[in-house]
Amino acid sequence: MLNDLKWNYSLDFSEMDKKELVYEIYNRPWGYFKTVLLSDFAQAKILCVYPKGKLSLQEHKFREEHWVIIKGNGRMTIGDSQKLLNEGDYIYIPKGCKHTIENISDNNNLYISEVQLGTYFGEDDIIRYEDIYNRI
């Protein structure tokens with residue numbers, strides 16, 4: 001699995017057991033995410049947010065996040081501001097900044113590339129403030 005590998009520029013991903021890679025997909029009530037890189041200094045994910053799905057209003061103490069909207073449209077709250085996001089938009093989320101995103105489409109998935117930079121990337125670094133799925 002990817003979280004057992006140390007970063008190596010010469011890593012041949014074609015040699016990896018594809019059965020193990022499927023376990024790097026994590027289902028959530030809002031959709032799913034797939035980890036594509038995990039190292040001591042970064043984690044990269046692809047997020048899929050289902051129509052009308054919404055991530056919890058959250059913050060992180062140990063990582064910053066960089067998002068690029070790959071496909072679809074979303075409404076993001078970051079700090080006290082709201083912003084509509086479209087394909088190709090980039091957003092920077094500093095450590096300790098409350099944020100959420102909602103897929104505003106009735107029919108289409110929202111895809112986000114997320115790169116996390118920091119010292120710790122565990123799911124227990126999610127501090128939730130609001131959640132439509134009652135995970136607080």
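Start by selecting Ile78: this residue stands opposite His99 in β9. Strands, like helices, are DSSP runs numbered from the N terminus (strands E, at least two residues; helices H or I, at least four). Before going on, note that this is a predicted model, where local features need pLDDT of at least 70, side-chain atom pairs count only at pLDDT 80 or more, and totals for chains, interfaces and linings use all residues. Residues are numbered from 1 along each chain as its sequence is written, and side-chain values use heavy atoms, with hydrogens and water left out.

**Strands β6 and β9**

Select residues 74–78, strand β6. Five bridges join β6 to β9, and the two run antiparallel. Strands count as paired if DSSP finds at least two bridges between them.

Now select residues 99–103, strand β9. Five of the five residues are buried, so β9 is largely enclosed by the rest of the structure. Buried means under 20% relative accessible area, exposed over 50%, and partly exposed in between (1.4 Å probe, protein chains only). Show the side chains. His99, Ile101 and Asn103 point one way, while Thr100 and Glu102 point the other. In a regular strand the side chains alternate between the two faces of the sheet.

**Salt bridges**

A salt bridge here is a side-chain nitrogen of Lys or Arg within 4 Å of a carboxyl oxygen of Asp or Glu. The count comes to nine.

Select Lys52 and Asp106. Their side chains meet in a salt bridge, 3.3 Å from N to O. The pair links distant parts of the chain, 54 residues apart: Lys52 lies in the loop between β3 (42–49) and β4 (57–59), Asp106 in the loop between β9 and β10 (110–118). Lys52 is partly exposed at 42% relative accessible area, whereas Asp106 is exposed at 57%.

Go next to Asp125 and Arg63. The closest N and O atoms of this salt bridge are 3.9 Å apart. Again distant parts of the chain are linked: Asp125 is in the loop between β10 and β11 (127–130), Arg63 in strand β5, 62 residues away. Both residues are buried.

Then pick Asp131 and Arg135, a salt bridge with closest N and O atoms 2.9 Å apart. Asp131 counts as buried at 12% relative accessibility; Arg135 is partly exposed at 24%. Finally, select Arg28, Lys45 and Glu123, which salt bridges with shared partners join into one network.

**Last stop: β5**

Select Val68 in strand β5 (residues 63–71). Val68 is partly exposed, with a relative accessible area of 35%.
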